[in-house]
Amino acid sequence: MLIRRLVVVFVIFLLPLASQARSEILPYPDVLDELNYLLTNKDYESAYQTAELFAFDYGGEADFDLLLGFAAYGSQRFQEAVFAFERVSVLRPKVFIGRFFLAQSYNKLGNYAAALAELEKLKKLTLTAEQQNKISSLSSTINRNALSRKTVWYHIVGANLSLDSNINSGTDQDSILIPDLGEIVLFESAKATSDTGYNLSYMGGYQHPIDQNQAIKIDVAASHYGFVENNQFQRQQLALNIALVQDWSFGQVSYSGYTRPLWLEQDVKTDTIDDLTSEPKREVSLYRVETGAGIGFKQKVNKQVNYRFGANVSFVANQISPELDFSRIKLAAGVQYKSKMLHTLNLHYTNDSASDSDYGYNDKSTIGLIYQITLPVMDKVMSSSYVMYESHSYDLQHPIFKAVRSESIIAASSQLNYQYSEHQQFKLQLNIQQKDSNVELFNFNRVETVMGWQYVF
């Protein structure tokens with residue numbers, strides 16, 4: 001009985017407050033004026049929050065729902081935009097703008113069949129030339145998006161010619177001082193070696209949709225790096241990546257597995273005394289294989305900004321010296337801002353841990369930051385440049401150099417791309433690298449100029 005009386009008192013207490021709140025509701029014309037003002041100033045977030053305040057009172061009014069839909073669409077709330085524009089289309093089925101933005105919202109959600117169905121309904125209306133052009137343009141966009149969800153193959157072949165001042169990332173010193181051993185004259189293979197290089201590459205991919213929001217992607221890359229005079233530094237690389245890509249309302253998530261073998265030219269192992277008395281034979285053989293798995297997330301905040309995160313775990317197996325095997329953890333984050341130029345900022349962290357504790361002096365952590373800018377220079381010509389800084393911190397003292405290595409790398413690159421045709425492009429590129437280490441052997445400087453060609457089909 002006492003509880004019932006308390007509830008009655010509580011309700012009586014709230015009634016004046018509710019009555020006061022109701023009395024402060026803005027008149028319908030004032031709400032429309034406020035929403036129009038916020039939308040005109042492209043303050044979509046404030047417009048959406050304002051519309052939500054009055055949705056209970058004015059939801060179902062065509063003009064209000066139209067403005068609510070604009071606010072939801074502009075603030076990237078595409079599902080809420082669908083609800084609003086659907087009500088507009090029911091209330092005013094012959095109004096172009098409501099149904100057109102309903103199709104836009106369906107497209108953003110990846111519901112391409114529904115988007116095209118709404119456009120077909122619009123085609124039955126009496127339309128202006130401008131409205132017909134808008135329908136045609138949106139239809140093309142939706143069909144392209146739908147195609148990307150279908151089974152798709154892509155292929156890219158490329159060829160590069162380069163002048164490289166330091167193909168082996170060697171030091172510019174002729175000799176170094178090693179504790180307990182004194183001054184040691186370095187082999188030529190450890191010193192900076194300049195040469196003309198060439199590179200042949202192939203990238204290919206296959207995408208197979210599982211449903212409207214999921215797809216399997218398979219990507220393959222293969223490359224050969226060779227040199228005119230010092231081909232003992234040649235290498236071949238292969239990469240295979242398989243990923244499950246899942247689109248959600250909040251962004252895109254991918255789960256991947258990959259393997260990356262590397263082949264180098266190496267001395268053939270000697271089996272007889274004759275082999276020891278002659279120049280060792282060399283052959284290209286598998287050097288190491290990195291195998292791993294990763295997860296990635298990316299989200300488009302608005303038309304200008306998107307960001308991404310990634311995490312990978314891998315194991316690197318050395319086929320020649322198994323004692324050098326190690327595991328690697330990598331974390332990465334990036335953000336892009338697009339205006340007349342495209343700005344990209346990426347941060348990455350890696351941790352390498354040796355499998356054999358006797359080689360723990362190779363354990364290290366790396367932190368890096370990359371800034372890239374891409375902009376159009378003229379018709380068919382794009383410029384892309386980046387700067388990178390990396391810091392390498394080792395865990396243990398090196399047994400030979402009697403020091404815990406501490407290193408940094410600064411790199412910069414500038415590239416011009418000329419789009420010769422729909423499928424072909426040419427590039428000119430300048431790359432600069434400088435590595436500073438507290439151990440002389442690992443210092444190096446490198447300058448590379450590259451001319452390249454690429455064909456996409």
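This is a predicted model: local features need pLDDT of at least 70, side-chain atom pairs count only at pLDDT 80 or more; totals for chains, interfaces and linings use all residues.
How many salt bridges does the count come to? I got 15 salt bridges, taking one as a side-chain nitrogen of Lys or Arg within 4 Å of a carboxyl oxygen of Asp or Glu.

Residues are numbered from 1 along each chain as its sequence is written, and side-chain values use heavy atoms, with hydrogens and water left out.

Entry: Asp 164 and Arg 446. I looked up this salt bridge and found the closest N and O atoms 2.5 Å apart. The pair links distant parts of the chain, with Asp 164 in strand S1 and Arg 446 in strand S16, 282 residues apart (strands are DSSP runs of E, at least two residues, numbered from the N terminus). Both Asp 164 and Arg 446 are buried (buried is under 20% relative accessible area, exposed over 50%, partly exposed in between; 1.4 Å probe, protein chains only).

Entry: Lys 191 and Asp 174. Their side chains meet in a salt bridge at 3.5 Å, N to O. I have Lys 191 as buried, because its relative accessible area is 13%. Asp 174 comes out exposed, because its value is 53%.

Entry: Arg 328 and Asp 352. This salt bridge has its closest N and O atoms 2.7 Å apart. It joins strand S10 to strand S11, the two residues being 24 apart. Arg 328 counts as partly exposed at 25% relative accessibility, while Asp 352 is buried at 7%.

Last entry: I also noted Arg 99, Glu 118 and Lys 121, linked in a network of salt bridges.

Conventions:
Helices (H or I, at least four residues) and strands (E, at least two) are DSSP runs, numbered from the N terminus.
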